[in-house]
Amino acid sequence: MKVLWFSNTPALGQEYLNQQLKGTGGWMAALDKCIQEKVELSIAFTYPYSIVPFKYGKTMYYPVYSGNILIENLKQRWLNKVYDLDFLNQYMEIIETVKPDIIHIH
């Protein structure tokens with residue numbers, strides 16, 4: 001079964017990216033590690049740098065380039081804009097690539 005998560009964190013992919021969890025997402029990394037033996041897991045997440053999708057363990061990760069999140073969040077608040085609509089085309093491309101049976105939005 002193919003499962004696609006849309007998340008604000010790369011879960012276990014943090015290890016690949018050599019980042020430390022900063023108070024959030026630790027449970028998702030544990031869940032990622034636990035279920036990757038049971039399903040074909042892919043995780044799409046926003047990321048402030050433009051990098052190509054990568055595989056770590058048995059999970060496929062799809063970074064969605066967000067630019068500087070702090071600046072983007074300020075623009076969103078100032079302009080009263082829905083932030084995620086800017087990435088809709090990238091999200092749709094990931095869905096088309098993965099062809100998931102289930103999509104879970106965290």
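Before you click on anything, one rule for counting rings: Phe, Tyr and Trp rings (for Trp, the six-membered one) pair if their centres lie within 6.5 Å; planes under 30 degrees apart count as stacked, over 60 as edge-to-face and the rest as tilted. By this rule, the count here comes to seven aromatic pairs. Keep in mind that you are looking at a predicted model.

**Stop 1: two ring pairs**

Select Tyr16 and Phe54 and show their side chains. The ring centres are 4.1 Å apart and the planes sit at 10°, so this pair is stacked. Tyr16 belongs to helix α1 (residues 13-16) and Phe54 to strand β3, so the pair ties together parts that are 38 residues apart in sequence. Is each partner buried or exposed? Tyr16 is partly exposed, with a relative accessible area of 45%, while Phe54 counts as buried at 4%.

Now pick Tyr47 and Tyr49. Here the centres are 5.6 Å apart and the planes meet at 65°, so the pair is edge-to-face. Tyr47 is buried, at 8% relative accessible area, whereas Tyr49 is exposed, at 54%.

**Stop 2**

Switch to a cartoon view and colour the strands. You have an open sheet of five strands, in the order β3-β4-β2-β1-β5, with mixed pairing. At the edges are β3 (54-56) and β5 (102-105), each pairing on one side only. From one strand to the next, the twist averages 25°.

Strand β4 (residues 59-65) runs antiparallel to β3, and three bridges join the two. Carry on to the next strand: β4 and β2 pair in the parallel sense over six bridges. Then comes β1, which runs parallel to β2 and is joined to it by six bridges. To see one of the bridge pairs there, select Lys2, whose partner in β2 is Glu40.

**Stop 3: inside β2**

Select Ser42, which sits in β2. Its relative accessibility is 5%; buried means under 20%, so Ser42 counts as buried. Its bridge partner in β4 is Met60. Which residues does Ser42 touch beyond its neighbours within four places in sequence? They are Val3, Leu4, Trp5, Thr59, Met60, Tyr62 and Val98.

**Stop 4: the nonpolar cores**

Next, show Trp5, Leu41, Ile43, Phe45 and Tyr61. Of the 15 residues in the largest nonpolar core, these five touch the most other members. At least two residues of this core come from each of β1, α2 and β2, and β2 gives the most, with four.

Zoom in on Phe45. Leaving aside neighbours within four places in sequence, Phe45 is in contact with Ser7, Thr9, Pro10, Leu17, Phe54, Tyr61, Tyr62, Pro63 and Val64. There is also a second, separate core of nine residues; Leu4, Tyr62, Phe87 and Val98 are among them.

**Stop 5: the helices on the sheet**

Select helix α2 (residues 26-35). This helix lies across β1 (2-7), β2 (40-47) and β4, and runs at about 170° to β1. Then bring up helix α4 (residues 88-98), which packs on the sheet and touches β1, β2, β4 and β5. The direction of α4 makes about 160° with that of β4.

Which of its residues are buried? Met28, Ala29, Asp32 and Ile35. Look down the axis of α2 and these buried residues fall within an arc of 145°, so they line one face of the helix. An α-helix has 3.6 residues a turn, so residues three or four places apart point the same way. Turn to the other side of α2 and you will find Trp27 and Lys33 exposed. Finally, show what covers the buried residues of α2: the cover includes β1, α1, β2 and β4.

Terms used
Residues are numbered from 1 along each chain as its sequence is written. This is a predicted model: local features need pLDDT of at least 70, side-chain atom pairs count only at pLDDT 80 or more; totals for chains, interfaces and linings use all residues. Side-chain values use heavy atoms; hydrogens and water are left out. Two strands pair if DSSP finds at least two bridges between them. Axes are lines fitted to C-alpha atoms, for helices over the stretch in contact, and angles run from 0 to 180 degrees between N-to-C directions. Contact means heavy atoms within 4.5 Å. A nonpolar core is a set of buried Ala, Val, Leu, Ile, Met, Phe, Trp, Tyr and Cys residues joined through side-chain atoms within 4.5 Å. Buried means under 20% relative accessible area, exposed over 50%, partly exposed in between (1.4 Å probe, protein chains only). The arc is that of the directions from the helix axis to the C-beta atoms.
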